Amino acid sequence: IVDDVVIYRRRDDFLIVANAANIAKDLEWLDYVRRAWPGEGGPPVNPDDVVIKDLSDTTALIALQGPKAAAILGQLTDADLENLRPFRFVYADVAGHQALVSRTGYTGEDGFELYIAPEAAVPLWRALLAAGEPEGLVPVGLGARDTLRLEMRFPLYGNDIDETTTPLEAGLDFVVKLSKDGFIGKEALVKQKEEGVAHRLIGFKLEGRGIPRQGYTLIANDRPIGRVTSGSMSPSLGEPIGMGYVESGFAAPGTELFMEMRGRLIPCRVVEGRFVKV
C-alpha cells in the first residue's frame, strides 16, 4: 500500500489529498506512473498529457467534526449542507472565505473538511470556534483524532498499513476490484486471494491492566503470532483497545491472545467490527 488517500474529481482535474508525511513519496510514485503506465485497455498514455502539481504550500485544511458539525457550519455558509452526501463536496463561501467543503473526515463522526487559502486559515478557525462555542466546540489535535479513528477501527497509514502490507491483509478488500482489468499489483493480489492471506489485521481488547502500543508482541500457544500496530485507552469505552496483525489462524473474533508488555503477558481477546458503534 503506497498510501491511503482521498481523491476528489473536480471539473477539469483531480485533487489528491495524501498523508502529509508521504507527500514526497507520493509525488515520486505518481510521476513514475505517469511515465511508465501504458494505460488501461488502450494505447500508452502520453506523459506530457498528465500534469502533476503539488499544492501543499498553497492549501490549508480545517476539519470540523462531530454530531453538531452541520449545524455549526451552517451558521457560516449558505451551502446546501443538508443534501451534501458523504464523500461529496461543494465550493462555497464560508465566513467570507472561498472554500472547498467536503463531507469527509477520519473520526467516524459526521463532519466536514474545508480546503482554503493559507491566509484564510486563522480567521476561519476563529469564526468556527465562535460559532460553535455555544454548542461546546473545542479545538483538538491529532492525538484526539487518533483515538477516535481507532475506536472505529480505521487503519492509519504508517501504523496499520504501509508498504509491507496489502489491502487483503488489512481487511480493505472493498477497495480492490479484482474483476477490473489492468491495475498495478493485480497479479500479486489475485495470487494472495487464491492462496489465502497469512496475516490479518485484527482489533482486540485487553482483559488486564496495560495500554497497547505499536510494536508490542502478540502471543498465542506460547509463541509470537503477531504484533500491535495501534493502541490506546478508549475515551468512549474506558477500556484499552488495539489493532494488530496476527497469523490468520488466530484472527477469529473471540480468540484469546496475550500481549507482551515489559516482560508481562496481559490477556486480550479479538473483537469483531468496530469498538464503538455510532
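## The whole protein

Of the 278 residues in the protein, 36% are buried. Keep in mind that this is a predicted model. Its secondary structure comes to 5 helices and 12 strands, and the C-alpha atoms fill a box of roughly 60 × 60 × 30 Å along the principal axes.

Now for the contacts: taking those with a separation of 6 or more, 58% are between residues 24 or more positions apart.

## Surface and charge

On the surface you'll find a patch of positive charge made by Arg-209, Arg-213, Arg-262 and Arg-264. Take Arg-209: you can find it in the loop between strand E7 (199–206) and strand E8 (217–220). Arg-209 counts as exposed because its relative accessible area is 76%, and the cut-off is over 50%.

## Around helix H4

Thr-147 belongs to helix H4, which covers residues 142–151. With a relative accessible area of 18%, Thr-147 is buried, since the limit is under 20%. Setting aside neighbours within four places in sequence, Thr-147 is in contact with Ser-232 and Pro-235.

Pro-139 is in the loop between helix H3 (121–132) and H4. Leaving out neighbours within four places in sequence again, Pro-139 is in contact with Trp-125 and Leu-129. Asp-48 is 91 residues away from Pro-139 along the chain, and their C-alpha atoms are separated by 43 Å.

How values were computed. Residues are numbered from 1 along each chain as its sequence is written. This is a predicted model: local features need pLDDT of at least 70, side-chain atom pairs count only at pLDDT 80 or more; totals for chains, interfaces and linings use all residues. Side-chain values use heavy atoms; hydrogens and water are left out. Helices (H or I, at least four residues) and strands (E, at least two) are DSSP runs, numbered from the N terminus. Buried means under 20% relative accessible area, exposed over 50%, partly exposed in between (1.4 Å probe, protein chains only). Contact means heavy atoms within 4.5 Å. Patches are made of residues with over 30% relative accessible area and no salt bridge: like charges are joined within 9 Å, nonpolar side chains (Val, Leu, Ile, Met, Phe, Trp, Tyr) within 5 Å. Accessible areas come from the Shrake-Rupley method with a 1.4 Å probe; for residues, only the protein chains shown count as cover. A salt bridge is a side-chain nitrogen of Lys or Arg within 4 Å of a carboxyl oxygen of Asp or Glu. Lys and Arg count as positive and Asp and Glu as negative; His and the chain ends are not counted. The place of a charge is taken as NZ of Lys, CZ of Arg, CG of Asp or CD of Glu.
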